[in-house]
Amino acid sequence: MIAVTARDVPEIRARMTDWARDPTLDGADNWFRFFLGPSPDGATESRVFDRVDDVGATIAGTLAVQLPAAELFYVSADMTDLARHAADTLTDYRLHPEDLPAQIGVMVYEHPPVEGTAAARHNAVSIVTWGPGRGGLWVHTWATTSPSQQGIVRIGRTLAQLPRDEVLERARTAAARNLPEPTPENKPSDSDETADQVADHVLATFLPNLERAPVPPSFVPPHGYEWCALTPMEFTEMEGWPDGVSEAESSRDTEARIALQRTILATWLLMGQTLVRSEQMTAPRAARRRIERLDPVLDPTVRYIDLRRARTEPSDRPDDDFGKGTREYRHRWIVRGHWRNQYYPSRNDHRPIWIDPHFAGPEDKPLLGGERVNVLRR
């Protein structure tokens, strides 16, 4: 897959906006109705949704309003790596509205920030969208379709071309047969039979979806990114994040989900610090014309978020502070990157500040542990 650049982000937002507003079967309303339905498991037991709420329709409607109004951000690979590293040591924190880089936003990472976990669903997440919602803040995560899902996508697109009554009858027949999930051990020797077995298993699995909504013709959103989860985040003390609404999640996904959510939070906190620089870019001329055809009001600019040049001294302690106290330092040493809680009188609370790895101690003293050191340059 071709890597997404900062200048691609405005057009990605435009396509997502067009999908969110699309009233046809390939639009967001039908997609959420098919995959989520009005009452997904666990959603109506949260503090955000009531039992009378149509959850799928509410999410689709909220996206249709928020996406066009979002500010756009692109996070460089270096910045992504730092956020992921810093997230590992980020303690539970009370998020404040002013910690967000924008009230409503779309943020695209240059590469997925939590690649290599046991949960493939989170490995491909590279887009985060957010905005105000019931309960505080609604944060959505989006991912590219993994190669392992391409077969199901092809089956789904085939089903979308068939009469709905015919598809429903086949799905009910398949479900009544109670077929096991296809595995190498129970796979038929004939390839056609194997394909039929897989198709029947997919039909049986999607029977509840098929009964509540037609199959979306593209099966995955036509803008190219699958919706993974909604986390309604309150501006309160958090332990990780509260559980969100997702299409599907197993117990093994929990650790990866928390890692992803903490990385998003770390990204927001880092974006407000001096070690980060921001540069405004605009979509190429051809992309701007395509965006104008979809919606001439959409802003074609994006903020490129990257790291400033690495420092060798900490930003929060001037050089001449060394030696002013009663302690005389005889060595220099390396301070690992870490979070420090900075008190803000204006809001009567602390905010985590990331301190970059740096050398500490008098410059004319020897380095503790010897002069040989490996330095990671950004």
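How many of the 13 residues of helix H1 are buried? The close-ups below begin with that helix.

This is a predicted model, in which local features need pLDDT of at least 70, side-chain atom pairs count only at pLDDT 80 or more, and totals for chains, interfaces and linings use all residues. Residues are numbered from 1 along each chain as its sequence is written, and side-chain values use heavy atoms, with hydrogens and water left out.

**View 1. Helix H1 (residues 9–21) and its buried residues.** Helices (H or I, at least four residues) and strands (E, at least two) are DSSP runs, numbered from the N terminus. In H1, 10 of the 13 residues are buried, so the helix is largely enclosed by the rest of the structure. Buried means under 20% relative accessible area, exposed over 50%, and partly exposed in between (1.4 Å probe, protein chains only). Among the buried residues of H1 are Val9, Ile12, Met16 and Trp19.

**View 2. Helix H1 beside helix H11 (residues 285–294).** The two helices pack at an angle of about 20°, with their axes 10 Å apart. That makes H1 roughly parallel to H11. Here axes are lines fitted to C-alpha atoms, for helices over the stretch in contact, and angles run from 0 to 180 degrees between N-to-C directions. Angles under 35 degrees count as roughly parallel, over 145 as roughly antiparallel, 65 to 115 as roughly perpendicular and the rest as oblique. Look for Pro10, Glu11, Ala14, Arg15 and Asp18 of H1, which make the contact with Ala287, Arg290, Ile291 and Leu294 of H11. Contact means heavy atoms within 4.5 Å.

**View 3. Helix H2 (residues 28–35) against helix H3 (residues 55–69).** The axes of H2 and H3 come within 8 Å and cross at roughly 150°. That makes H2 roughly antiparallel to H3. On the H2 side you can find Ala28, Asp29, Phe32 and Arg33, and on the H3 side Gly56, Ala57, Ile59, Ala60 and Leu63.

**View 4. Threonine 141 in strand E4 (residues 136–143).** This close-up turns to a single residue. Threonine 141 is buried, with a relative accessible area of 10%. Leaving aside neighbours within four places in sequence, threonine 141 is in contact with Val125, Ile127, Glu226, Trp227, Cys228, Ala229, Leu260 and Ile264.
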